[in-house]
Amino acid sequence: MSSQRTALRTFAACALAAASLGMAGIAAAQAKLRWAHVYETSEPFHKYSVWAGDEIKRRTNGRYEVQVFPASTLGKEADINQGLTLGTVDIIMAGPSFAGRLYPPLAVSAFPFIFRDAEHQIKYARSDVFKELAKGYGDKSGNHITALGYFGTRHVTSSAARPVVRPEDMKGLKIRVPDTPATLIFPRALGANPTPIALAEVYLALQNNTVDAQESPLPTIDARKFFEVQKNISLTGHIVESLLTICSGTLWARLSDEDKKVFGAVMQEAADKAGREILAAEARLVQAFRNKGNNVIAVDKRAFREAVLKATRPTDHGLRQRDYERILAIQ
């Protein structure tokens, strides 16, 4: 009887140990991923990052859990781009002008007036030229671009004393821009004084008159409340901006082919959903800003484009002329 009880205890202990190992195996099988971006929780980019994380978890049967860190929680845009290499983040959303620091040709899509409109940019996202640029970025950086979506069309806002109506009005204007070479092209070509400032710090810089102006899409102007401290909104439309979703090379290398398909499909779907919300917001915000008392100025965009192209060209900024011309030719 004693030996039977001993055997039962031994069996129970073994079963408990096996169960514990099984639970540890399940825990180890679930990878926790960090997704970082610089946008506010009220913006579509955050909303659909969270959606994408939930979808990835669902479509991989819980093998991946994604935690989204918004609003520069894990650093400014330059920081999170670097974080892909350092291993501090697994997934980011970033503009091509920031990603282009590692592979300059990728930033060609931020050259002023390269896109006619949002539809042109969306066609570029499906084009061979973008696929080639994305591959070039991957080869150089080791990271992998999974999606490109519409971020918004950038316009100039300025203080009450400095309305921008004509290209000449940009001369001497102290204007905040993102801290990338590509975003300096437009203001410098028109004689402005571009001042790189991180997005999270722009409102205070405008409020304190550290700069006279800034440039960003209408939904960003709305979400960041720039309209409160900038009377004029000039519809220059100088950059039709995109937003990339990028996985670190370490993460991408360890995904199975099946999981790569899941990540790519979900992230592109999220980018498309966010882009559609941005387009809808842009359609209503012009009148909404007028209703708030802002001076919304419909400028002659052709005059701005001609002034920029007279002053500079893509090859002056390390961009390839053939990429520029191929994008222009997309119909």
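The largest share of the lining of the largest cavity, five residues, comes from helix α11. A cavity here is a set of points, on a 1 Å grid over the protein atoms alone, where a 1.4 Å probe fits but cannot get out, and lining residues have an atom within 4 Å of a point. This is a predicted model, in which local features need pLDDT of at least 70 and side-chain atom pairs count only at pLDDT 80 or more, while totals for chains, interfaces and linings use all residues. Residues are numbered from 1 along each chain as its sequence is written, and side-chain values use heavy atoms, with hydrogens and water left out.

**Overall make-up**

- The protein has 13 helices and nine strands; helices (H or I, at least four residues) and strands (E, at least two) are DSSP runs, numbered from the N terminus.
- Along the principal axes, the C-alpha atoms fill a box of roughly 100 × 40 × 30 Å.
- Of the 331 residues, 53% are buried, where buried means under 20% relative accessible area, exposed over 50% and partly exposed in between (1.4 Å probe, protein chains only).
- Among contacts with a separation of 6 or more, 74% are between residues 24 or more positions apart; a contact means heavy atoms within 4.5 Å.

**The cavity**

- One cavity of 30 Å³ or more is found in a search of the whole structure.
- The volume of the largest cavity is about 90 Å³, a volume being the space filled by probe spheres set on the grid points, which are joined across faces, edges and corners.
- The largest cavity is lined by 14 residues, and Met93, Thr245, Ala270, Ala271 and Ala274 are the closest to its centre.
- Two or more lining residues come from each of α2 (44-59), β4, β8 and α11 (257-291).
- The lining of the largest cavity has 10 nonpolar, four polar and no charged residues; Ala, Val, Leu, Ile, Met, Phe, Trp, Tyr, Cys and Pro count as nonpolar, Asp, Glu, Lys and Arg as charged, and the others, Gly among them, as polar.

**The pockets**

- A pocket is an open set of grid points with protein on both sides within 12 Å along at least five of seven lines.
- The largest pocket holds about 380 Å³ of space, and of its 27 lining residues Glu77, Phe98, Arg176, Pro178 and Leu199 are the closest to its centre.
- At least two residues of this lining come from each of α3 (77-86), α4 (96-99), β4, β7 and β8, with β8 giving the most, three residues.
- By class, the lining of the largest pocket has 12 nonpolar, seven polar and eight charged residues.
- The second largest pocket has a volume of about 240 Å³, and 13 residues line it, with Ala125, Phe130, Thr146, Ala147 and Gln268 nearest its centre.
- α6, β4 and α11 each give at least two residues to the lining of the second largest pocket, and the largest share, five residues, is that of β4.
- The lining of the second largest pocket divides into seven nonpolar, four polar and two charged residues.

**Strand β4 and its partners**

- Strand β4 (residues 144-158) has 14 of its 15 residues buried, so the strand is largely enclosed by the rest of the structure.
- β4 runs antiparallel to strand β8 (residues 232-247), joined to it by 12 bridges; two strands pair if DSSP finds at least two bridges between them.
- Serine 158 has asparagine 232 of β8 as its bridge partner.
- β4 also runs antiparallel to strand β7 (residues 213-217), with five bridges between them.
- Threonine 157 stands opposite glutamine 214 in β7.

**Proline 217**

- Proline 217 lies in strand β7 and is buried, with a relative accessible area of 0%.
- Not counting residues up to four places away in sequence, proline 217 touches Phe151, Gly152, Thr153, Arg154 and Glu282.
- Proline 217 is 56 residues from alanine 161 in sequence, and 21 Å from that residue in space, C-alpha to C-alpha.

**Helices α6 and α13**

- Helix α6 (residues 128-141) packs with helix α13 (residues 321-328) at an angle of about 145°, and their axes are 9 Å apart.
- Axes are lines fitted to C-alpha atoms, for helices over the stretch in contact, and angles run from 0 to 180 degrees between N-to-C directions.
- On the α6 side, Asp128, Val129, Glu132 and Leu133 meet Asp323, Arg326 and Ile327 of α13.
- The residues of this contact of α6 with α13 are three nonpolar, no polar and four charged.
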